[in-house]
Amino acid sequence: MTRRYWNINLEEMMEAGVHFGHGTRKWNPRMGPYISAKRKGIHITNLTRTARFLSEACDLVFDAASRGKHFLIVGTKSKAADSVASAAIRARCHYVNKKWLGGMSTNWSTTETRLHKFRDLRAEQRAGKLNCLPKRDAAMLKRKLSHLQTYLGGIKYMTGLPDIVIIVDQHEEYTALRECITLGIPTICLIDTNCDPDLADISIPANDDAIASIRLILNKLVSAICEGRSSYIRNR
């Protein structure tokens, strides 16, 4: 795997609150090696280790993107949703930021059927066909389209399972993580002090409750993806 310099600044991470963990009574002992101190009842994450694992994750996604691989970013809690969508759109990745529907990856055939239905309804709407239907039928299909847009809008162009999945908040997205483990899909996971660092392929210790922290981590990762994609395009 190519080692590159990603300009990961400890001071910048401190300003974003990346180092703030959960309360000392709400923690996973397996996170011990990633915690540097306790302050006012809160665990403080070791930012040197955060920088190391974030750099490894950037190397991984850069290499994957430079080989034309596909990414999925998952983060559905309200504090992460907007950052997930903007980061994914910037790097032309797929994303899920509302709700992970159980079996979305392990039961891919069902997800694929839903995506086909979604694309068909979008095509009919653009062509004005829904307006030609009786009002009741049109209203029902528009509600269905709105529902599909909410939950599948970020993966509407997916034609197969992703090569790498980036997950924000291990606890919130545990179902998605378990599905990736089942399928052998490599995962990069942002983990707070209440998480298990051994579940993902690369775990990045960081505050998963602060918008600034989530945005900083995602920005570093998608910048590496964008550089990798540029390399892929140049070498084609």
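Which residues does H22 touch, not counting residues up to four places away in sequence? The list is G41, I42, H43, D192, T193, N194, D208 and D209, with contact meaning heavy atoms within 4.5 Å.

Before going on, a word on the model. It is predicted, so local features need pLDDT of at least 70 and side-chain atom pairs count only at pLDDT 80 or more, while totals for chains, interfaces and linings use all residues. Residues are numbered from 1 along each chain as its sequence is written, and side-chain values use heavy atoms, with hydrogens and water left out.

Back to H22. It sits in strand 1 (residues 20-23); strands (E, at least two residues) and helices (H or I, at least four) are DSSP runs numbered from the N terminus. With a relative accessible area of 13%, H22 is buried; buried means under 20%, exposed over 50% and partly exposed in between, using a 1.4 Å probe and protein chains only. The side chains of H22 and D192 are joined by a polar contact of 3.5 Å. That term covers a pair of N or O atoms within 3.5 Å; within protein, one must be able to donate a hydrogen and the other to accept it, and residues adjacent in sequence count only if both atoms are side-chain atoms.

Now for helix 5. Its 18 residues (135-152) reach 25 Å from the first C-alpha to the last, close to the 26 Å expected at 1.5 Å a residue, where the expected span is 1.5 Å times one less than the number of residues. A138, L141, L145, L148 and L152 are buried in helix 5. They share one side of the helix because they cover an arc of only 90° around the axis, taken from the directions from the helix axis to the C-beta atoms. Helix 4 (108-126) is what the buried residues of helix 5 pack against. K135, R136 and R143, on the other side of helix 5, are exposed.

Then there are the spaces.

| Space | Volume | Lining residues nearest the centre |
|---|---|---|
| Largest cavity | about 70 Å³ | L72, W100, S105, M158, P162 |
| Largest pocket | about 360 Å³ | H70, R92, C93, H94, R229 |

On a 1 Å grid over the protein atoms alone, a cavity is a set of points where a 1.4 Å probe fits but cannot get out, a pocket is an open set with protein on both sides within 12 Å along at least five of seven lines, and lining residues have an atom within 4 Å of a point. Grid points are joined across faces, edges and corners, and a volume is the space filled by probe spheres set on the points. Helix 7 gives the largest share of the largest pocket's lining, three residues.
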